[in-house]
Amino acid sequence: MKAIELLADIAGVGRDVARGGYSRHLFDAGELELRDWFTEQAMRRDLTVRTDRNANIWAWWGSPGPGAVVTGSHLDSVPGGGAFDGPLGVTSALAAVDILRDKGFRPAKPLAILVFAEEEGGRFGVPCLGSRLLTGALDADRARGLRDGAGITLAEAATKAGYEPERFGADPEALARIGCFVELHVEQGRGLIDLDSPLATGSSIIAHGRYRFSFAGQGNHAGATLIGDRHDPMLPAAAVVAAARTVAAATPDARATVGRLAPTPGGTNVIASTVDLWLDARVAGAGRTPALVAQIEAVAKEAAAQEGCTLTVTEESYTDDVVFDESLRRGMDRVLGGVPALPTGAGHDAGVLAAHVPSGMLYVRNPTGISHAPEEFAEAADIAAGAHGLALVLEELAR
Ligand code: GLV
Ligand code: MN
Ligand code: MN
Ligand code: MN
């Protein structure tokens, strides 16, 4: 099957009617349906399906073994996300297997498709959850205790979905099977539009941290409380939103975003008692992201003190800059006939794996230049070019 047909097959799953686009979050109904869908697609192709101890799904062509050529991506989304971020890599992997089978190719090395759990951190806050657990980058106890917006822990959600959270943790056996990893992904910016190319290889990912700022003040009446008597945590929260922009604008190559903010109790006529907000910060270069966050935190502290509020800052995740394996990248470039190499500001499981095994990325042009939103897109011809390119890469690596 073509990748575009496989995408059409799941187009109705996990739609977010209220926000637009898709909300497919770890162990919710849509995500579980996609896990079943992937398993069925893999079985139809006589691939051997195994779920590892961290809820990542592997589909093996041939017997599982060391030195495997592994490709894949994720099926979860951000809240209100697009149809391609994640699923394009999974459907292209299935399509690439079909292309290789049709040619009569028989891999000399084990080949697997890998679907990672909760790449976006959309439900439990830590991005690349499945790959971080697998590689040991995330402590299993900490993972089990992560809570979603409704206060449900990852351990509870996993158990309810039929998984075994007590088995979460570093999986050196699974990691040792990966000889190399290639992730195909929709491009998330304007890189390939500007370069006028359908495909690119990935060269690097900039460092990325997520930080929770928790402000506490005094909940009170919006009409009866005089302005001078307030301890309103929305004030320092607003200062963080503004500082994220000004500090990032003054720092070369920096990005800082507040995309999620939660006042409690959240009533129009109620001064909030607490506000949590999440800062996503990314700057290329060792130590530059924490330095950027320290500047924003200084503004937050001062604004909190002025309003008589308290502040607690928690780092929820951090990943250093990633440079993808240059020899793998050059090999991919050769079989693709020469394509641009792109750095990116978007995180990927391939970036987590890159610290352990040779890893690479293959990007497919996104004509809107928009991602993490319903407008994310890829043209049919570019999707086909991506799946064929991935097939060539897998053929070369697994021969
Ligand atoms: C994930 O897509 C991220 O880069 O935030
Ligand atoms: Mn994403
Ligand atoms: Mn993604
Ligand atoms: Mn991502």
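Let's start with H372. Leaving aside residues up to four places away in sequence, H372 is in contact with V78, G81 and D85. Contact here means that the C-beta atoms, placed from the backbone, lie within 7 Å. This is a predicted model: local features need pLDDT of at least 70, side-chain atom pairs count only at pLDDT 80 or more, and totals for chains, interfaces and linings use all residues. Residues are numbered from 1 along each chain as its sequence is written, and chains are lettered from A and ligands numbered from 1 in the order in which they are written.

Where does H372 sit? In the loop between β15 (359–364) and α13 (380–398). Helices (H or I, at least four residues) and strands (E, at least two) are DSSP runs, numbered from the N terminus. H372 counts as partly exposed, because it has 19 C-beta neighbours inside 10 Å. The scale is this: buried is 20 or more other C-beta atoms within 10 Å of a residue's own, exposed is 12 or fewer, partly exposed is in between, with C-beta atoms placed from the backbone.

Now its partner, D85. D85 lies in the loop between β3 (68–74) and α3. D85 is buried, with 27 other C-beta atoms within 10 Å. Beyond four places in sequence, D85 is in contact with S77, V186, S371, H372 and E376.

Both residues are annotated. An unreviewed UniProt entry places a "binding site" feature at D85, E120 and H372. UniProt positions are in the numbering used here, feature names are shortened, and annotations may be inferred rather than shown by experiment. These three are spread over 288 residues of sequence, yet they cluster in space, with a largest C-alpha distance of 9.8 Å.

E120 comes up again at the ligand. The residues around ligand 1 are E120, P127, A346 and G347. Around means a C-beta atom, placed from the backbone, within 6 Å of the molecule.

Next, the other annotation. The unreviewed UniProt entry also lists R210, N269 and R282 under "binding site".

Take N269. N269 is in the loop between β9 (254–264) and β10 (270–271). With 8 C-beta neighbours inside 10 Å, N269 counts as exposed.

R282 is in strand β11 (residues 274–283). R282 counts as buried, with 24 C-beta neighbours inside 10 Å. Not counting residues up to four places away in sequence, R282 touches I206, A207, H208, R255, T289 and G345.

On to the domains. The assignment gives domain 1 (3–206 + 322–398) and domain 2 (208–319). Such bounds come from an automatic or database domain assignment. The centres of the two, taken over C-alpha atoms, are separated by 32 Å. Eight residues from domain 1 and eight residues from domain 2 make the contact.

Last, the core. The largest nonpolar core has 113 residues, and A96, A112, V240, L279, I296 and L394 have the most contacts inside it. Such a core is a set of buried Ala, Val, Leu, Ile, Met, Phe, Trp, Tyr and Cys residues joined through C-beta atoms within 7 Å. Helix α3 (residues 87–102) gives the largest share of this core, nine residues. Domain 1 and domain 2 both give residues to this core, so it lies between them. V240 touches F213, V258, L277, L279, I296, V299 and A300, not counting residues up to four places away in sequence.

Definitions and conventions: Contact = placed C-beta atoms within 7 Å.
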